[in-house]
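Have a look at the structure first, then work through the steps.

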Amino acid sequence: MTCPDAPVLIEICDLHARVDDQPILNGVNLSIRAGEIHALMGRNGSGKSTLSKVLAGHPAYTVTKGSVSYCGQDLLTLQPDQRSRLGVFLGFQYPVEIPGVSNLEFLRVSTNARRIEQGKEELDTFAFEDFVRARLNLVQMDPVFLDRSVNEGFSGGEKKRNEILQMALLEPLVAILDETDSGLDIDALRIVSAGVNQLTNAENAILLITHYQRLLDLIKPDYVHVMAAGRIVRSGDKALALELERNGYEWVDRELDTLEMT
Amino acid sequence: MVEAPIKHCSALNSWCDMLLDRLEPPSGPMAALQSISRNQLEALPAPDRSQEDWRFCDLAPVAEIEPQQICSLSKPTAPVIANQVTRVVIGTDQDPLAGVALPDGLTLLNEAELQQALGPNSNLAIAKGQWPLELNQAIAPRVIGLRVSGSVEKTLELVCDASTNRGVIAARLLLILEEQAKLELLQVQLSAGANLTSVVVGVHLHKKAQLRHGLLALGHPEAALLTHLAIAQEPTSEVSHISVCQGWGVMRHEPQLNQLDGGAHTELRALQLVHSNQLADTHSRVRFNGPEGALDQLHKAVAAGNGRSVFNGVVQVPREAQRTNAAQLSRSLLLSDRARIDTKPELEIVADDVKCAHGATVSQLQQDALFYLQSRGIAPPQAAQLLLRAFCDEVICMLPSAAQAWQPLARFLDGA
């Protein structure tokens, strides 16, 4: 759902970043307004996941140039936890297993951190249990996973459901979902996608990183961007994703060659 | 002829001499053994870092403690006694068992049995020439000797709180678990001041006996703790020993287990935390004197500030210990660049048909886990605390359930 008058939630300008001495992002430009769903596609190694981690504030990446404005604030000066509390959410491609930390406790602490920032009341253990159980249905997740350690022993699909459950609890303004479809079987993909669709509204926005059209059949993007060599080389609507599905990425090489020549 | 070790002039030797001078003459049921150990200590050098076993463990801070015996502790501040717990308070001027209704299955050893158990041919006699043991026997006014028959439904809880007293307190416990006996024992050692607590626990398990022994030791930066655990296991017996130690200026824990004819099961779980200038040293030794014994050992340590953590884990598998299955893992967290961890698995394997695994890791908190938590709005100190709690709780949650009343996790992490 696009609306040209909707406020810009995130504005990425000429973003350059490196890990160690290796430049990965080479001038990303992207603007996302409230109510929009953007899909980011591209070959392995094109910089999609790096972009998501830079936006979330991963300490391994250094921004060397450019800016990111989030709701008018300089996002890059904020710590990862501040970004999250302000409503930036990264759904991990590989959610981290944390043995010994109860999933329920983790979700409660995390939810309360965001709620305090939003000026809402903190939830005690009992209130939170009710709150989380209501949201479990969104991703059809078995409550037994609440009693386990964070992501420990979860299957790939269960981990991704847990990510979307966190999105449901944290109610972010901008959710970056990094290959949420990877590791999901057909049913799980449908369930997780339905969960994401239920969480979208006119106030928030989603940046979907994916390789496959199958996710975009279920979560319909307003914009599709193709990334290559650390920048967005083409943007379009959902027809672009279909074109990629048909023709692959060979045209990207030609486009990059042209860019280099110019 | 082996030459006697020479007792050099050191602060700790002088401290020990002063302590011996100030002791009341030997008395009570332990008088004979007290005399023997006091004589031994006259000539025995105190541990110093030139001795291999004490290379990383400097007991010098003990010399700062008043060299006098604490004759009586006041009653500790302790949680309400749960139904399933029998509490014995050690170190007050009263007989610790006076007024205590021992649960079914527990009986006191009589004088003759006690003397036999402490005699030179017993498994439960202290190993001669070991300074911490001689020190304990020189001072301990009595030995609590108990026989365990059948399955004891209640947890036996021993509490010794040196509190803010100045000086040295020593306690000794002997347990004999008869065939098929079963006991859960929680030992709580506390201190809040400049004192030294010395505890020696001797246990003999007959066949098919089971012991679950938790040691919860929460100290004070000026306090020292020397604990020695000597357990003899007959085949088919099972021991689970869980130690959780934090807060002591100096702490040395020596669990020594001997599978007399192999065929027994030993589980060791340990967690120690040091910060400021604290030192915690666990020297464990498990010996298999026969075939088909099993050991499952996990030692965890957290070192912050200028703290130093030492682990030395000896596993002895002589020729007769074929088909031994032993696994030892040491996992340490180094939370400061000034903290230090020394960890040393020491496997002495002669038998050729055995499985003996060992591993040691020293790391900081996992960066990817920290980032994951941060990316969910959790501030770095809280994220670190969550990870630290998870690391520690893996051992703390294994303490006998009676330990919960002491809020071990919260109190343990208070010192982190």
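Buried means under 20% relative accessible area, exposed over 50%, and partly exposed in between, with a 1.4 Å probe and protein chains only. This is a predicted model, where local features need pLDDT of at least 70, side-chain atom pairs count only at pLDDT 80 or more, and totals for chains, interfaces and linings use all residues. Residues are numbered from 1 along each chain as its sequence is written, chains are lettered from A and ligands numbered from 1 in the order in which they are written, and side-chain values use heavy atoms, with hydrogens and water left out.

**Exercise 1.** Work out whether Q256(B) is buried or exposed.

Step 1: check the accessibility. Q256(B) comes out as buried because its relative accessibility is 16%.

Step 2: list its contacts (heavy atoms within 4.5 Å). Setting aside neighbours within four places in sequence, Q256(B) touches H228(B), L229(B), A230(B), I231(B) and R285(B).

**Exercise 2.** Describe how α3(A) passes α5(A).

Step 1: locate helix α3 (residues 103-117) and helix α5 (residues 156-170), both of chain A.

Step 2: α3(A) and α5(A) pack at about 35 degrees, their axes 9 Å apart. Axes are lines fitted to C-alpha atoms, for helices over the stretch in contact, and angles run from 0 to 180 degrees between N-to-C directions.

Step 3: pick out the residues that meet, among them F106(A) in α3(A) and L165(A) in α5(A).

Definitions and conventions: Helix = DSSP H or I, 4+ residues; strand = E, 2+ residues; numbered from the N terminus. Left-handed = near helix turned anticlockwise from the far one by under 90°.
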